[in-house]
Amino acid sequence: MAAETSIPVTSAAGHPRLDYALVIYRSQDKHGIGSDGHLYGETGQTDAVQREADSRYWSVSPARRPTLRLLIVVAGGVVCRIWAVDADAEWVEEPSGTGKVALPLADHPLDPDEVQVLYPHLGIAVGDELPARRGPIRHYMPIAAA
């Protein structure tokens with residue numbers, strides 16, 4: 001089951017706190033094992049193997065971590081997976097000390113029904129076209145839970 005979402009509260013400045021999705025873009029044919037031994041890209045394997053590849057390693061500031069709720073994976077311009085992020089779980093840092101972290105993802109990607117129930121206003125579903133923006137391979141998108 002998906003990680004439980006929280007109702008946004010206020011920030012230190014008194015503004016409503018937004019929750020976010022991290023949207024990552026990758027090519028369909030770029031995959032493998034990095035020099036440090038971690039998997040990356042579209043593995044074509046089980047959810048557990050793909051989870052490992054999708055979770056590692058991303059620059060997410062400590063301030064952003066409590067608000068990160070979803071990882072949306074786009075390959076070849078099409079949304080292929082939406083993962084729940086357990087923002088309250090441990091954020092494991094990359095061993096090389098770059099400050100990048102492995103995202104604490106749920107055990108399996110959210111199915112379309114789970115996305116619709118948990119995030120009815122997301123406006124993105126698996127199979128949707130979502131062309132990459134020029135330049136960045138990732139961006140944050142504000143989201144609202146049900």
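**Notes on a predicted model, strand by strand**

1. Let's start with Val79, which lies in strand β5. Helices (H or I, at least four residues) and strands (E, at least two) are DSSP runs, numbered from the N terminus. Keep in mind that this is a predicted model: local features need pLDDT of at least 70, side-chain atom pairs count only at pLDDT 80 or more, and totals for chains, interfaces and linings use all residues. Residues are numbered from 1 along each chain as its sequence is written, and side-chain values use heavy atoms, with hydrogens and water left out.

2. Is Val79 buried or exposed? Val79 counts as buried, because its relative accessibility is 1%. The scale is this: buried means under 20% relative accessible area, exposed over 50%, and partly exposed in between (1.4 Å probe, protein chains only). Leaving aside neighbours within four places in sequence, Val79 is in contact with Ile72, Val73, Val74, Ile124, Ala125, Val126, Gly127, Asp128 and Leu130; contact means heavy atoms within 4.5 Å. Take Gly127: Val79 and Gly127 are 48 residues apart along the chain, yet their C-alpha atoms are separated by 5.2 Å.

3. Now zoom out to β5 itself. In this strand, 5 of the 7 residues are buried, so β5 is largely enclosed by the rest of the structure. β5 (residues 78-84) pairs with β4 in the antiparallel sense, over 6 bridges. Two strands pair if DSSP finds at least two bridges between them. You can check this on screen: Leu71 stands opposite Trp83 in β5, and the bridge partner of Leu70 in β5 is Ala84. The hairpin of β4 and β5 has 2 residues between the strands, and there Gly76 takes a positive phi near 60 degrees.

4. What about β4? Here 8 of the 8 residues (68-75) are buried, so β4 is largely enclosed by the rest of the structure. β4 also pairs with β1, this time in the parallel sense, over 7 bridges. Within that pairing, Val23 stands opposite Ile72 in β4.

5. Strand β1 covers residues 19-26, and Asp19 is in it. Asp19 is buried, because its relative accessible area is 3%. Which side chain does the side chain of Asp19 make a polar contact with? The partner is the side chain of Arg69, at 3.4 Å. A polar contact is a pair of N or O atoms within 3.5 Å; within protein, one must be able to donate a hydrogen and the other to accept it, and residues adjacent in sequence count only if both atoms are side-chain atoms.

6. Next comes β8, which runs antiparallel to β1 and is joined to β1 by 6 bridges.

7. Ala106, in the loop between β7 (101-102) and α2 (112-118), is buried, because its relative accessible area is 11%. Not counting residues up to four places away in sequence, Ala106 touches Arg51, Trp83 and Ala84. Glu90 lies in the loop between β5 and β6 (92-93) and counts as exposed, because its relative accessibility is 64%. Glu90 and Ala102 are 12 residues apart in sequence and 9.2 Å apart in space, C-alpha to C-alpha.

8. Glu90 and Ala102 are also among the residues that line the second largest pocket, a list including Arg51, Tyr57 and Pro104. Helix α1 (residues 47-55) gives the most to this lining, with 4 residues.

9. Finally, the whole chain. It has 2 helices and 8 strands, in the pattern β-β-β-α-β-β-β-β-α-β along the sequence. Of its 146 residues, 40% count as buried. Among contacts in the chain with a separation of 6 or more, 64% come from residues 24 or more positions apart.

Technical notes
On a 1 Å grid over the protein atoms alone, a cavity is a set of points where a 1.4 Å probe fits but cannot get out, and a pocket is an open set with protein on both sides within 12 Å along at least five of seven lines; lining residues have an atom within 4 Å of a point.
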